[in-house]
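Please look over the sequence and the fold below. The report that follows takes up charged pairs, the sheet, the helices and the nonpolar cores.

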Amino acid sequence: MTRLLILASKLGYQTRSFAEAARALDVEVIFASDRCHQLEDPWSDGAIALHFDRPEEAARRIVAQLLVRPWTA
């Protein structure tokens, strides 16, 4: 299955619409969002918790997830 990474703000209300559209195209969505990494998936979306104000750290977390669970570019 094709996967799509979406970087989204924790306040981004449109993420559900993107996920629904992707599912309609048989594309799995992986979210990465600017949220606290200590919260246990508060929105039940399985998002990768990032700090957008620390881009190098965020990039490392995304790459680490890519190694565990690859997605299509």
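## Charged pairs

Glu 57 is partly exposed, with a relative accessible area of 28%. Here buried means under 20% relative accessible area, exposed over 50%, and partly exposed in between (1.4 Å probe, protein chains only). The model is predicted: local features need pLDDT of at least 70, side-chain atom pairs count only at pLDDT 80 or more, and totals for chains, interfaces and linings use all residues. Residues are numbered from 1 along each chain as its sequence is written, and side-chain values use heavy atoms, with hydrogens and water left out.

Glu 57 forms a salt bridge with Arg 54, at 3.3 Å from N to O. The term stands for a side-chain nitrogen of Lys or Arg within 4 Å of a carboxyl oxygen of Asp or Glu. Arg 54 is partly exposed too, at 40% relative accessible area. By this rule the count is two salt bridges. Arg 3 and Glu 28 form a salt bridge, and their closest N and O atoms are 2.8 Å apart. Arg 3 lies in strand E1 and Glu 28 in strand E2, so this pair ties together parts 25 residues apart in sequence. Arg 3 is partly exposed, with 22% relative accessibility.

## The sheet

Three strands make an open sheet, ordered E1-E2-E3, with parallel pairing. E1 and strand E3 (48-50) stand at the edges with a single partner strand each, so one side of each has no neighbour in the sheet. Neighbouring strands are turned by 25° against each other on average, direction ignored. Strands (E, at least two residues) and helices (H or I, at least four) are DSSP runs, numbered from the N terminus. Two strands pair if DSSP finds at least two bridges between them.

E1 and E2 pair in the parallel sense over seven bridges. Glu 28 in E2 is the bridge partner of Arg 3. Strands of a sheet pair through backbone hydrogen bonds, either parallel or antiparallel.

## Helices on the sheet

H1 packs on the sheet and touches E1 and E2; its direction makes about 160° with that of E2. Helix H2 (residues 55-68) also packs on the sheet, touching E1 and E3, and its direction makes about 165° with that of E3. Axes are lines fitted to C-alpha atoms, for helices over the stretch in contact, and angles run from 0 to 180 degrees between N-to-C directions. Contact means heavy atoms within 4.5 Å.

Which residues of helix H1 (residues 15-24) are buried? They are Thr 15, Ala 19 and Ala 22. Seen down the axis of H1, they fall within an arc of 65°, so they line one face of the helix. The arc is that of the directions from the helix axis to the C-beta atoms. These buried residues pack against strand E1 (2-8) and strand E2 (27-34). On the other side of H1, Glu 20 and Ala 24 are exposed. Just after H1, Asp 26 takes a positive phi of about 60°.

## Nonpolar cores

A nonpolar core is a set of buried Ala, Val, Leu, Ile, Met, Phe, Trp, Tyr and Cys residues joined through side-chain atoms within 4.5 Å. The largest has eight residues: Ile 6, Ala 8, Ala 19, Ala 22, Val 27, Val 29, Phe 31 and Ala 47. E1, H1 and E2 are the elements that give two or more residues to this core. E2 gives the most, with three residues.
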